[in-house]
Amino acid sequence: MSAQAPDITTKASIRQHIWDYIEKNNLANFPRPVHNRIPNFKGANAAGERVVAMEIFKRAKTIKVNPDKPQEWVRYQVLHEGKMLLVPTPRLKSGLFNRILPPTGANTAMLKKCATREGITNYSAPVGLEHKINIDLIVIGSVAVSSKGYRIGKGEGYADMEYAMLVYHGSSQSRHSYGVYCS
């Protein structure tokens, strides 16, 4: 009897295959299990360092980073560099974005706290599309990314809606997308 590769022809089956693989091989950090979320994979901070090292990150003044746990290091780095950090409002329930506003004179520990879910809740102010903010870089987590850069998220479509709203309202100057991989 030969082992057969799983049928990964749909987004849902690709997600399931990736989530199962990560869990089976213990490749994730908290929160677990990884199913139905952007997985906080081991190496997420190293992947974040690759983002921070990119020239586009260095030039960017305003960066949108999704609120998922694996992007926490990137959110911290945005704040540490003194750049404007925008985080989507979870599930778009009370607007499109929140701007993270650390307290004046925030130290490293406080900036790290501001980059967490708790910080997003306690140290942010809503930003609507009427503000016409130009976003220089968008960082979005994925469950899977193809070799051509096609992204598969957790399946709820919020990242796609956020991006469409930005483009429609002229708030995003982003012309390029980048995949950052960590082996």
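Colleague: How do the side chains of K69 and E72 meet?

Modeller: Side chains of opposite charge can pair when their charged atoms come close. The term used is salt bridge, a side-chain nitrogen of Lys or Arg within 4 Å of a carboxyl oxygen of Asp or Glu. K69 and E72 are joined in this way, with 3.0 Å from N to O. Please note that this is a predicted model, in which local features need pLDDT of at least 70 and side-chain atom pairs count only at pLDDT 80 or more, while totals for chains, interfaces and linings use all residues. Residues are numbered from 1 along each chain as its sequence is written, and side-chain values use heavy atoms, with hydrogens and water left out.

Colleague: Are K69 and E72 buried or partly exposed?

Modeller: The classes rest on relative accessible area: under 20% is buried, over 50% is exposed, and partly exposed lies in between (1.4 Å probe, protein chains only). K69 is partly exposed because its relative accessibility is 35%. E72, at 19%, is buried.

Colleague: How many salt bridges are counted in the structure?

Modeller: The count is four. Among them is the bridge between E23 and R32, at 2.9 Å from N to O. E23 is partly exposed at 23%, and R32 is also partly exposed, at 33%. Another joins D68 to K154, whose closest N and O atoms are 3.7 Å apart.

Colleague: Which residues of helix α2 are buried, and where do they point?

Modeller: Helix α2 covers residues 44-53, and its buried residues are A44, A47, G48, V51 and V52. Seen down the axis of α2, they fall within an arc of 150 degrees, so they line one face of the helix; the arc is that of the directions from the helix axis to the C-beta atoms. These buried residues pack against α3 (55-59), α4 and β5 (137-139).

Colleague: What kind of pair do the rings of W73 and Y76 form?

Modeller: Rings of Phe, Tyr and Trp (its six-membered ring) pair if their centres lie within 6.5 Å; planes under 30 degrees apart are stacked, over 60 edge-to-face, and the rest tilted. One aromatic pair is counted by this rule. W73 and Y76 form this tilted pair, with 5.2 Å centre to centre and 40 degrees between the planes.

Colleague: Where do W73 and Y76 lie?

Modeller: An α-helix has 3.6 residues a turn, so residues three or four places apart point the same way. W73 and Y76 both belong to helix α4 (residues 72-80) and are three residues apart, about one turn of the helix. W73 is partly exposed at 22%, while Y76 is buried at 7%.

Colleague: Which charged residue lies over the face of Y76?

Modeller: A charge sits over a ring if NZ of Lys or CZ of Arg is within 6 Å of the ring centre and within 35 degrees of the ring normal. K112 lies over Y76, at 5.4 Å from the ring centre. K83 lies over the face of F57, at 5.3 Å from the ring centre.

Colleague: What backbone features are found in the loop between α1 and α2?

Modeller: Most residues other than glycine have a negative phi, and most peptide bonds are trans. N36 in the loop has a positive phi of about 65 degrees and is exposed at 58%.

Methods
Helix = DSSP H or I, 4+ residues; strand = E, 2+ residues; numbered from the N terminus. Contact = heavy atoms within 4.5 Å.
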